[in-house]
Amino acid sequence: MTECNGLKNGYMSTGKMTNIEKQIETHFVVAAIDFGTTYSGYAFSFLRDQADSIHMMRKWEGGDPGVNNQKTATTLLLKPNGDFHSFGFGARDFYHDLEAIEAKKWYYFEKFKMNLHSSQDLHKGVEIQAANGKKMLALKVFAYALRFFKDHCLQELSDQSSTRIVNDDIRWVITVPAIWRQPAKQFMRQAAYEAGLASPQNPGQLLIALEPEAASIYCRKLKQRELVPEETSDYGSSTDSYHHNSLVKKNSAPVSTEFMPGTRYLVVDCGGGTVDLTVHEMEEGGTLKE
């Protein structure tokens, strides 16, 4: 059983603000990467946006024509010499269009996230096998993927802003499964350092957040009407009208108003490769017990 009482060792939690969390004020944007087993994506929010608007990246190269994809495939393609070529739908499509003989020269990785959980001896020298049977350092594979999201996000932010956004302007968040052991979380942090998202000299620029905690915090900020469909009625009487107005008012309140100390709830994360179940309990002061 784990208690979530703030930010410890650079990992995100829901308690009181610490000195590391206060560093967020020096950043212009918060960008979060959802690194999934099958699909991945990112979203960002400007700190000065009073509406707390979250902008989700939906413009991904490739994918099904006419479909607005919120995420791209977690697939990485490296050239025969090991250099980066592409990530996501673009990597998948390019690789599958290669002739069989030519494809054997390329390094193609998919659903490689699970290697971090399944590996019993996780260290910098751990290797991942590509589709062609050849192996490459896992740290290099994950760093390439995270660097892709960093560069993509920086470009998107600069395109949407009147000024050029640089990496120092961003506070990064990477979500990981709650079942991951500490070595896997530290490995992801090291890969982020290799990708240039943060550095050992500035570890506070990167938060490693547990996926169920991030989902829980987000859902508690939603309005109830965004989670539960409104009831329908003809409202033929004053009683019906009163009931309707009360329902609208209730459904306009944040979900968090229903959560009191002692409240327990289940977070179900149905991903492309795994299903994670986590039970949270609200404690005094708004902290969570897992």
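## Val279 and its strand

Val279 is partly exposed, with a relative accessible area of 46%. That value falls in between the cut-offs for buried, under 20%, and exposed, over 50%. The residue lies in strand β14. The model described here is a predicted one.

Two strands each supply at least two residues of the patch: β13, spanning 264-270, and β14, spanning 275-282. The largest share comes from β14, with three residues. In a regular strand, side chains alternate between the two faces of the sheet.

## Strand β3: mostly covered

Strand β3 covers residues 39-46. Is β3 mostly covered or mostly open? It is mostly covered, as seven of its eight residues are buried.

## The partners of β3

β3 pairs with strand β2, residues 29-34. Six bridges join the two, and they run antiparallel. Ala32 has Ala43 of β3 as its bridge partner. β2 and β3 form a hairpin, with four residues between them.

Strand β4, residues 55-56, is joined to β3 by two bridges, again antiparallel.

Definitions and conventions:
Residues numbered from 1 in each chain as written. Predicted model: local features only at pLDDT ≥ 70, side-chain atom pairs only at ≥ 80, totals over all residues. Heavy atoms only, no water. Buried < 20%, exposed > 50% of the residue type's maximum accessible area, 1.4 Å probe, protein only. Pairing = 2+ DSSP bridges.
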